[in-house]
Amino acid sequence: MNRKQFLYLTGMGFGGAMLSQIPVMGSPIAPEALLNGGIDVAVKKQMADVVLNAARSKGATYADCRIGRYLNQYVITRENKVENLVNTESYGMGIRIIANGCWGFAATDKLDNDSIAKATAQAVAIAKENSRLQSEQVKLLPQKGYGEVSWKTPIERNAFEVPIKEKVDLLLSVNDAAMKAGANYVNSLLFLVNEQKYFASTDGSYIDQDVHRIWPVFGATKIDAKSGKFETRQSLSSPRGMGYEYLMPRESDKIKGTPTILYRDRYDMIEDARAAAVQVDQKLKAKSVEPGKYDLVLDPSHLWLTIHESVGHPTELDRVLGYEANFAGTSFLTLDKWESRKFQFGSKNVNILADKLQPGSLGAVGYDDEGVKTKQWDIIKDGVLVNYQSIRDQGHMIGLKESQGCCYADNWSSVQFQRMPNISLQAGKVPLKPMDMIKNVEKGIYIIGDSSFSIDQQRYNFQFSGQLYYEIKNGKIVGMLNDVAYQSNTQEFWNSCSAVCDQSDYRLGGSFFDGKGQPTQSSAVSHGSATARFNGVNIINTARKI
């Protein structure tokens, strides 16, 4: 996948009208091949031992390898037609070693012993050549070997085992529901992922993992024939680390009583499409917002993206240190702020947890791509910056004794590096529902769903917009607004957080395609929160012209 294709796909959630142009990531395969279990784990161990032995014999002081099989399926429809059905596989081995105190990396899709040994020798040679330019040797945090272990995403129904007809029927029903409810155009997509990863290292770990993810999404559009104006509404689903059970709706997972039904751990795609078609008509008739200061009530389907951009990325240690600047720069959260132990990132209501374990989340795995067992830790505690996200060759820089397990590569042919874990705002301790929160807002806007955003090169000043905007006056929702975006800076915004709803409202949002690095890699990550209130945030009207 090249950069142009990647940029298109990362923006797809916001530009569903072009779903038919999704790039293919891997070689096309027959649908039944998705159910092929791949190479036996015992054979993978033999391949890994070829790497580890060859690396040692060439003088490497550390080596790891990842045998990866990446399976994708796309089912794409528009109105009453199937636009595309694509099944892909990418399969090979990535080899990373340390020699002369420097990293070397090589990859191969030829998995016979001779090819593996040659790729290992190439990785060692690259490290030795690189070491001529390296001023400081790589320092790894210690990591014990786990022996032969395995981990699998806890799924109830493997999405690849679901007949294609059932998936197509669901998407066409989604489109039909939206069209009957008044949409002029609708497209929908299922994107399914299975990462089969085998990791081994000279630390003594042989780790077999089977990771599943699912992303259902649609976009509904309505046009006003008289004015030519149009409005769209994207689905309020979130991509999840789950099986096909995510698309088996349950009443207990619906949050009602708000202007639209919202979803917890099961998603009713047809119901949401029907609501979207009605809401695009309401958006066409909604009044344009009057700029000024408002109290914002932000639903988790919106807030996840603000968390991702303004908390997730600026707390990546490589951005803090200036080692990484692709995709919107470094970070204002410099080490001196963390070392002070009193940098007030947000209000007392702001508690942000880094989490690689949360069931159903996109970032949940048993071990990272350095063989580190995953865990949870605080990033922001009672509003104060207390930690970052880091990996084995960074942790010593902030005094850690063990890695936080944030290393990931998006493919066997990509070198692993620091990627964001699930970063989530913790729910409030006091019982509070969204509509109870709205009762205490005199002048505000309730925002549901994510849309466009921009943020500066230190992740400080930003602007976000959403899918649905509801005006709040004297504690009541009085109608829909349009042309809304809010502006703030990260510290000011999070210090304006005056309340967070309780755990019963907590939900996950997220992205399949978090971009980082050069060459660009993508990773899937979730961000959880309950509905939260932010006081006195600046609102602009995006339709006004100078």
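How much space lies in the largest pocket?

Modeller: The model is predicted, so local features need pLDDT of at least 70 and side-chain atom pairs count only at pLDDT 80 or more, while totals for chains, interfaces and linings use all residues. Residues are numbered from 1 along each chain as its sequence is written, and side-chain values use heavy atoms, with hydrogens and water left out.

The largest pocket holds about 830 Å³ of space. On a 1 Å grid over the protein atoms alone, a pocket is an open set of points with protein on both sides within 12 Å along at least five of seven lines, and a lining residue has an atom within 4 Å of a point. Points are joined across faces, edges and corners, and the volume is the space filled by probe spheres set on them. The pocket is lined by 29 residues, of which Trp103, Tyr323, Asp393, Gln394 and Phe417 are the closest to its centre. Two elements each give two or more residues to this lining, strand E4 (102-108) and strand E17 (417-418); strands are DSSP runs (E, at least two residues) numbered from the N terminus. Strand E4 gives the most, with 3 residues. By class, the pocket lining divides into 9 nonpolar, 14 polar and 6 charged residues, where Ala, Val, Leu, Ile, Met, Phe, Trp, Tyr, Cys and Pro count as nonpolar, Asp, Glu, Lys and Arg as charged, and the others, Gly among them, as polar.

About 120 Å³ lies in the largest cavity, and Arg213, Lys356, Gly363, Val365 and Tyr408 are the closest to its centre among its 16 lining residues.

Notes
On a 1 Å grid over the protein atoms alone, a cavity is a set of points where a 1.4 Å probe fits but cannot get out, and a pocket is an open set with protein on both sides within 12 Å along at least five of seven lines; lining residues have an atom within 4 Å of a point. Helices (H or I, at least four residues) and strands (E, at least two) are DSSP runs, numbered from the N terminus.
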